[in-house]
Amino acid sequence: MPSTNRAGSLKDPEIAELFYREDPEKLFVDLREIGHGSFGAVYFARDVRTNEVVAIKKMSYISNVVSTLINNYKHFLQKWQDIIKEVKFLQKLRHPNSIEYKGCYLREHTAWLVMEYCLGSASDLLE
């Protein structure tokens with residue numbers, strides 16, 4: 001993996017190309033939280049360009065509190081690297097039985113992973 005000198009840095013062109021530049025708050029409306037996990041929350045939303053329903057996984061990688069940021073820099077850098085790994089994996093994943101990855105946006109130290117919306121969850125399939 002390319003070195004990432006700070007969480008959220010898009011100076012590396014290989015990293016920058018993983019993310020769309022548009023403001024996701026202008027592209028997606030009607031956000032409603034539908035789930036929450038260790039990485040962040042998942043939202044139901046509608047794409048204003050296509051009127052398509054999507055799922056958005058929001059993952060924060062930097063705290064808004066400067067003192068916390070200084071004390072937990074390694075933690076935030078690890079979260080950023082985990083986001084990059086997930087985006088790279090999702091971009092490569094193409095299979096008719098997997099959820100379609102639509103793209104990733106950054107806003108206020110939060111990655112917005114946009115995916116196809118499906119009712120239910122993986123755990124529902126196991127039951």
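I take strands as DSSP runs of E, at least two residues long, numbered from the N terminus. The model is predicted.

**Entry: Val114.** I placed Val114 in strand β5, residues 110–116. Val114 has a relative accessible area of 2%. The cut-off for buried is under 20%, so Val114 counts as buried. I listed its contacts, skipping neighbours within four places in sequence. Val114 is in contact with Phe28, Val54, Ala55, Ile56, Tyr101, Lys102, Gly103 and Tyr105. I also looked up one C-alpha pair: Val114 and Val42 are 72 residues apart along the chain and separated by 9.6 Å.

**Entry: cores.** Which residues have the most contacts inside the largest nonpolar core? I found Phe19, Ile83, Val87, Cys104 and Leu113, in a core of 16 residues. Two or more residues come from each of α4 (73–92), β4 (101–107) and β5. α4 gives the most, five residues. Another core lies apart from this one; it has eight residues, among them Leu27, Ala45, Tyr105 and Val114.

**Entry: Leu113.** Beyond four places in sequence, Leu113 touches residues including Ala55, Ile56, Glu86, Val87, Leu90 and Cys104.

**Entry: α4.** I compared its span with expectation. The 20 residues of α4 reach 29 Å from first C-alpha to last, close to the expected 28 Å. I noted its buried residues: Phe76, Leu77, Trp80, Ile83, Ile84, Val87, Lys88 and Leu90. Seen down the axis of α4, they fall within an arc of 165°, so they line one face of the helix. The face turned away from that buried side carries exposed Lys74, Phe89 and Lys92.

Technical notes. Residues numbered from 1 in each chain as written. Predicted model: local features only at pLDDT ≥ 70, side-chain atom pairs only at ≥ 80, totals over all residues. Heavy atoms only, no water. Helix = DSSP H or I, 4+ residues; strand = E, 2+ residues; numbered from the N terminus. Buried < 20%, exposed > 50% of the residue type's maximum accessible area, 1.4 Å probe, protein only. Contact = heavy atoms within 4.5 Å. Core = buried A, V, L, I, M, F, W, Y, C linked by side-chain atoms within 4.5 Å. Expected span 1.5 Å × (residues − 1). Arc of directions from axis to C-beta.
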